[in-house]
Amino acid sequence: PAHLRDPQNRWFGLAVRARTIMYSTERVKPAELSTYAALADPRWKDRLCLRTSTNTYNQSLLGAAIKQDGEAAVEKMVRGWVANNPKYINGDTQILEAIAAGQCDAGITNTYYLARLLSKNPAFPVAPFWPDQQGHGVHVNVSGAGVTAHARHREQAIQFLEFLSTPEAQATLAGASFEYPANPAVEPHSILQKWGRFKPQSVGVAAAGEFQAAAVKLADRAGY
């Protein structure tokens, strides 16, 4: 899909991860959740676990949001998160484990981290929530590849990338990493299928890089 590759065709997304809201199935009802911005609501004070803005995953999330909504709206959201006194944890897996342990009730992580934990413990008490389904959709990013400018075996490299986009390779690649296949014709791992379908952001993932510097500066201004 066009939004999963470089506009100049220099790189291609091969597998997709959603950076979504995760919540305790023991202490949070899905009806309490709605959007990324709603995590700024005072009801979440002292209940959030987040990674810091130095993390590239969160820089990408904020960069895409700036592309869609502008800096003013995103800065208001981030200031709201900070006002809720989140617990900062340097690791997606660690955030999920903190939610399960009762240290916080909700957080933001990539989906494949939760799938890994569920593959080992199906009763792990955390579930994903798909935010902004009436708006821009869930933030997604990719694992991708491109061909280096001075590749000595350019044609073979291109053939390899084309192979990785085939249904057979996509099923193997995404199945092993617990990511979503970039090829929409391929079904994801059974754990991901249980979570149902969601509306992803349509903004191209290239926006994450385009607005990364702006995202870092915004986070600094907001004290994040």
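Asp 46 is found in the loop between E1 and E2; helices (H or I, at least four residues) and strands (E, at least two) are DSSP runs, numbered from the N terminus. The model is predicted: local features need pLDDT of at least 70, side-chain atom pairs count only at pLDDT 80 or more, and totals for chains, interfaces and linings use all residues. Residues are numbered from 1 along each chain as its sequence is written, and side-chain values use heavy atoms, with hydrogens and water left out.

Although Asp 46 is not a glycine, its phi is positive, about 65°. Asp 46 counts as partly exposed, at 48% relative accessibility; buried means under 20% relative accessible area, exposed over 50%, and partly exposed in between (1.4 Å probe, protein chains only). Phe 178 also is not a glycine and has a positive phi, of about 60°. Phe 178 sits in the loop between helix H6 (167-177) and strand E7 (180-181), and it counts as buried at 13% relative accessibility.

Helix H3 spans residues 92-101, and its buried residues are Asp 92, Ile 95, Leu 96, Ala 98 and Ile 99. These residues lie on the same side of H3 because they cover an arc of only 160° around the axis, the arc being that of the directions from the helix axis to the C-beta atoms.

The elements against which the buried residues of H3 pack are strands E1 (11-24), E2 (48-50), E4 (106-110) and E5 (126-129), together with helices H1 (56-69) and H4 (111-120). Contact here means heavy atoms within 4.5 Å. After H3 comes Gly 102, with a positive phi near 90°.

The structure holds one disulfide, a disulfide being a pair of cysteine sulfur atoms within 2.5 Å. It is formed by Cys 49 and Cys 104, whose sulfur atoms are 2.0 Å apart. The pair links distant parts of the chain, with Cys 49 in strand E2 and Cys 104 in the loop between H3 and E4, 55 residues apart. The link of Cys 49 and Cys 104 is left-handed, with -105° about the S-S bond. Both cysteines, Cys 49 and Cys 104, are buried.

Asp 105 is also placed in the loop between H3 and E4. Its relative accessible area is 11%, so Asp 105 is buried. The side chains of Asp 105 and Arg 27 are joined by a polar contact of 2.6 Å. A polar contact is a pair of N or O atoms within 3.5 Å; within protein, one must be able to donate a hydrogen and the other to accept it, and residues adjacent in sequence count only if both atoms are side-chain atoms. Not counting residues up to four places away in sequence, Asp 105 touches Met 22, Tyr 23, Ser 24, Arg 27, Val 28, Trp 44, Arg 47 and Ile 99.

E1 and E5 run antiparallel and are joined by four bridges; two strands pair if DSSP finds at least two bridges between them. Ile 21 stands opposite Phe 129 in E5. From E5, Val 126 and Pro 128 point one way, Ala 127 and Phe 129 point the other way, and all are buried. In a regular strand the side chains alternate between the two faces of the sheet.

Asn 141 belongs to strand E6 (residues 139-146). Its side chain makes a polar contact of 3.3 Å with the side chain of Ser 60. Apart from neighbours within four places in sequence, Asn 141 is in contact with Ala 15, Val 16, Arg 17, Ser 60, Val 205 and Ala 208.

## Nonpolar core

The largest nonpolar core has 63 residues, of which Leu 62, Val 78, Trp 81 and Trp 195 touch the most other members. Such a core is a set of buried Ala, Val, Leu, Ile, Met, Phe, Trp, Tyr and Cys residues joined through side-chain atoms within 4.5 Å. Leaving aside neighbours within four places in sequence, Val 78 is in contact with Leu 62, Leu 218, Ala 222 and Tyr 224. In soluble globular proteins, nonpolar side chains tend to be buried together.

## Exposed positions

Lys 76 is in helix H2 (residues 71-83) and is exposed, with a relative accessible area of 66%. Pro 184, in the loop between E7 and helix H7 (190-194), is exposed with a relative accessible area of 70%. The C-alpha atoms of Pro 184 and Pro 167 are separated by 9.3 Å, and the two residues are 17 residues apart along the chain.
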